[in-house]
Amino acid sequence: MNEQRPESDAPPTMPAVVLPPEAELRIAAEQSLVLKDLRRYVAAVGRPGEAEDGALIPRWAEACGLVRVSDGAHIAVEENANLLDSPVELWERAYLTIGETGPGFVAEDDGVPPGFELLLPRLVSTIAFTLYGSGPAPVPVDLLPEVLTALLGLEPGESTRHAVAVTLDLLERLGALHQGVADPAELTSVAKVTGDPSPSPAMIWLTPIAVWAINRELRAAGANAPVVGESADESLDSLCSDLVGAAPATSEAELQAWARHRSPSAAIEEATEFLRTTTRPEGRLFALIALGATGTRGLEAAAGVRAEGGVPGAVAAMWLSERGAVRRETITREEVAVGMTDHFAAMHVLGSFVHQLAGLDDGFDVVDLLTSSGHPATRELLDVVGQKHPDRATAKKARTASFKLRSQGA
């Protein structure tokens, strides 16, 4: 088989991924249009006039080992016939041999660039590993040609864009890609990154079965490709350090797996103690997610921390209010100021605070909130607001407040 490989050495650590259960893999494989075509083609081999007329599927069936050439025609490979009844195994083999289908495209599509049969394996591997490395977040299609020209040394232009489009369509047909549309906020971000005021709204991301296949490929190549749940034996302190930089969905899945790995009482005891003692705002955020995974008893433990006061108590109060576990009118002004500031501080560590600033209501005075909190991260957050807030008046107010705090030695 002609397995895909990254164009450069895989990074020491890839992001942890959530792998789907076997039943979900089977359903996904059965829904693949390519698998349906392969089965149909093999069933028609040897029947005059019934075999596939195009070049792509016959080439793919041969690459998968389902057929072989005999006297100038395809015949079924009997020893591999069981693959047709093993959808997950057949899907993985189709994915790993996708790079061998290039000659089929060259025969069917005059628009692909010269040498496409040699380029396709590199396109597939680079797209696959780029999307895998980006985590579950959708990637703008408009960014791919630029990324691929940089990584593969391709010439920018319509020919390259067509090659990328053909490859994406092929991966979608296999069931390795989802294609969707960006929301307004995402589209604005794409416009800023690409410099195109009217970018395409098309977004792509890997399907769960593709994540599973790429993870297996990376591990087979000796790369460090962690799976969510493998760190469940670690202490919460150690796990939280590892989660800085992870996608929010990955962090939540890891913390839920961590909680499930131990008894509810043990998970609650460790998460509650960590919530009380950690000095890191992101640590408090992660501790509460872990408590949330334990159900009602976790809410009760958080209520106990709230009663103790301080920054952990304020953070717990806001968290309980968001979940409807306490009435909003019982939350004090101090708890709101400290709890929200701590949340902003956590988002800053995790790289999302600037994005949150753009989404705050016009009537929300973030500077007043920060300065009234007395939180240790206040001045650092004010500096960010002063530099990044989209409203000039608010940014100026933040810079003034930060200067006052600095003058007071705060």
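Q: Which residues in H7 meet which residues in H8?
A: The model is a predicted one. On the H7 side the residues are Leu144, Pro145, Leu148 and Thr149, and they meet Thr160, Arg161, Val164 and Leu168 of H8. Sorted by class, this contact has five nonpolar, two polar and one charged residues.

Q: How do H7 and H8 pack, and at what angle?
A: A packed helix pair is described by the angle between the two axes and by the distance between them. Here helix H7 (residues 144-152) packs with H8 at about 105°, and the axes are 10 Å apart. Angles from 65 to 115 degrees count as roughly perpendicular, so H7 is roughly perpendicular to H8.

Q: What is the strand order in the open sheet?
A: The order of the three strands is E3-E5-E4, and the pairing is antiparallel. Strand E3 (139-140) and strand E4 (177-181) are the edge strands, each pairing on one side only. Between E4 and strand E5 (residues 202-206) there are five bridges in the antiparallel sense. Val181 has Ala202 in E5 as its bridge partner.

Q: Which strands does helix H8 touch?
A: Helix H8 (residues 158-174) packs on the sheet and touches E4 and E5, its direction making about 115° with that of E4.

Q: Are Cys64 and Cys240 buried or exposed?
A: Buried means under 20% relative accessible area. Cys64 is at 1% and therefore counts as buried; Cys240, at 0%, is buried. With sulfur atoms within 2.5 Å as the criterion, the disulfide count is zero.

Notes: Residues are numbered from 1 along each chain as its sequence is written. This is a predicted model: local features need pLDDT of at least 70, side-chain atom pairs count only at pLDDT 80 or more; totals for chains, interfaces and linings use all residues. Side-chain values use heavy atoms; hydrogens and water are left out. Two strands pair if DSSP finds at least two bridges between them. Helices (H or I, at least four residues) and strands (E, at least two) are DSSP runs, numbered from the N terminus. Contact means heavy atoms within 4.5 Å. Axes are lines fitted to C-alpha atoms, for helices over the stretch in contact, and angles run from 0 to 180 degrees between N-to-C directions. Buried means under 20% relative accessible area, exposed over 50%, partly exposed in between (1.4 Å probe, protein chains only). Angles under 35 degrees count as roughly parallel, over 145 as roughly antiparallel, 65 to 115 as roughly perpendicular and the rest as oblique. Ala, Val, Leu, Ile, Met, Phe, Trp, Tyr, Cys and Pro count as nonpolar, Asp, Glu, Lys and Arg as charged, and the others, Gly among them, as polar.
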